[in-house]
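Please look through the sequence and the model below before reading the numbered points. They are meant for a reader who is meeting this structure for the first time.

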Amino acid sequence: MLLTLFLTFVKIGAFTIGGAYAMIPLIKREVCQVHKWISEEEFMDGLAAAQSCPGPISVNLSIYVGYHICKGKGMAVALLGCILPSIISILMVAMLFNRFADTLLVHKAFHALRPAVVALIAVPLVQMSLKAGINLMNFWFPLSAAVLVGFMGVSPVYLILLTIAFAVLQSLRKGKA
Amino acid sequence: MIYLQMFWTFMKIGLFSFGGGYAILAMIRQEVVVNNAWLTQAQFVDVVAISQMTPGPIAINAATFIGYQKGGIGGSLLCTLGVIFPSLIIMLLVTVSYLKLKNQPWFKNIFGKLRLLSLGLIAAALIMVFGDAVQDIFSIIVFLLCLVATWRFKLNPFTMLIAAAIFGMVLG
């Protein structure tokens, strides 16, 4: 079990290219569909938590998933698996090929990998929107968050704090009524 | 002394960066280039390129690489530990409280709202990477092919990334 968890996160770490968001569909697929460790509900909550806490999103998510499966041990194993490919590949690049980024073959591969990663983010985004309870009343909220952060460069931390404050106030009001 | 300072600096970076890899790179630049002058701006640009092109989370790649340049293997491990240390503590607390409180209505409400925000933040990341990645006819074709492969044929992402890399090497 722990070995499978470790190997799964090594695989996820090794295939993450160009940022955590490309990793989300991979983790979701492995964790919810292939191994059925946690439900899709729990995964979406974990993703929201991973984005709302400081630090690398994939690292946060591996801690969340690992702890769900096997408490502290699971957490350590998933986290280690997630960062091991990074450490190995970076040390190899740093020691062996200093001009790795200039190699023609690497350039060519990335010419196709970059748009592939964009597609990997786009498709699950639509699928997740359907599952997150998006409707005509609330679709403006993620949309304006996307515009504020994506186009205007607003730091997500303000939106995270506002969202939590709003949700708590709303619950307090309901509690009184 | 430099080791302690490296760990401390990367811990700060991990603690104060929200929104994943790209936000963390901005924090790393501030600390490593501006505040400590461990790297020049040109060296930092190389670090960013290498971090994006090698497998793994961008922030971990950058921390490992900068740590190695400044203090060898020990330095690389210390910087990596530093950047994940705040995550470890905070995410652990959040996960433990999630497991205890997930049936409380107010806690559910927070997560319901955060989920919506989460979608917005992913869409924001999509906006930011789209312009860099989809620039010419070749990349538009690859993008559309991958879209169809994922959407229509539910192709495994692992297979798709390998296929894209080979496709790029041969035709890119």
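How many helices and how many strands are there in chain B?

1. Chain B has seven helices and zero strands, where helices (H or I, at least four residues) and strands (E, at least two) are DSSP runs numbered from the N terminus. Its pattern along the sequence reads α-α-α-α-α-α-α. Chain A likewise comes to seven helices and zero strands, and its pattern is α-α-α-α-α-α-α.

2. This is a predicted model, in which local features need pLDDT of at least 70 and side-chain atom pairs count only at pLDDT 80 or more, while totals for chains, interfaces and linings use all residues. Residues are numbered from 1 along each chain as its sequence is written, and chains are lettered from A and ligands numbered from 1 in the order in which they are written.

3. On confidence, pLDDT is the predictor's own score for each residue, from 0 to 100. Chain A has a mean pLDDT of 86, with 95% of its residues at 70 or more. Within chain A, confidence is lowest in H5(A), at a mean of 82, and highest in H4(A), at 93. Where pLDDT is low, the predicted coordinates should not be read in detail.

4. As to overall dimensions, the C-alpha atoms of chain A fill a box of roughly 65 × 40 × 25 Å along the principal axes, and those of chain B fill one of roughly 55 × 50 × 25 Å. The radius of gyration of chain B is 19 Å, whereas a compact globule of 172 residues would have one near 16 Å; this radius is taken over C-alpha atoms, and the globule rule is 2.2 Å times the number of residues to the power 0.38.

5. A residue is called buried if 20 or more other C-beta atoms lie within 10 Å of its own, exposed if 12 or fewer, and partly exposed in between, with C-beta atoms placed from the backbone. Buried residues make up 51% of the 177 residues in chain A and 47% of the 172 residues in chain B. Two residues are in contact if their C-beta atoms, placed from the backbone, lie within 7 Å. Among contacts in chain A between residues at least 6 apart in sequence, 55% join residues at least 24 apart; in chain B, residues 24 or more positions apart account for 47% of the contacts with a separation of 6 or more.

6. The contact between the chains takes 85 residues from chain A and 83 residues from chain B. On the chain B side, the largest share, 25 residues, comes from H5(B). By class, that side of chain B has 58 nonpolar, 21 polar and four charged residues, where Ala, Val, Leu, Ile, Met, Phe, Trp, Tyr, Cys and Pro count as nonpolar, Asp, Glu, Lys and Arg as charged, and the others, Gly among them, as polar.

7. H2(A) has 12 residues and reaches 15 Å from its first C-alpha to its last, close to the 16 Å expected at 1.5 Å a residue; the expected span is 1.5 Å times one less than the number of residues. Its buried residues, including A:Met23, A:Leu26 and A:Val31, pack against H1, H3, H4 and H5 of chain A together with H7 of chain B.

8. Just after H2(A), A:Lys36 takes a positive phi of about 50°, in the loop between H2 and H3 of chain A. A:Lys36 counts as exposed because it has 8 C-beta neighbours inside 10 Å. A:Lys71 also has a positive phi, of about 45°, although it is not a glycine, but A:Lys71 lies in helix H4 of chain A. With 13 C-beta neighbours inside 10 Å, A:Lys71 counts as partly exposed.

9. H3(B) has 13 residues and reaches 19 Å, close to the 18 Å expected. Its buried residues, among them B:Val47 and B:Ile50, pack against H4 and H5 of chain A together with H4 of chain B.

10. The largest nonpolar core has 108 residues, a core being a set of buried Ala, Val, Leu, Ile, Met, Phe, Trp, Tyr and Cys residues joined through C-beta atoms within 7 Å. Its largest share, 18 residues, comes from H4(A). Those with the most contacts inside the core include A:Ala78, A:Leu113 and B:Ala62.
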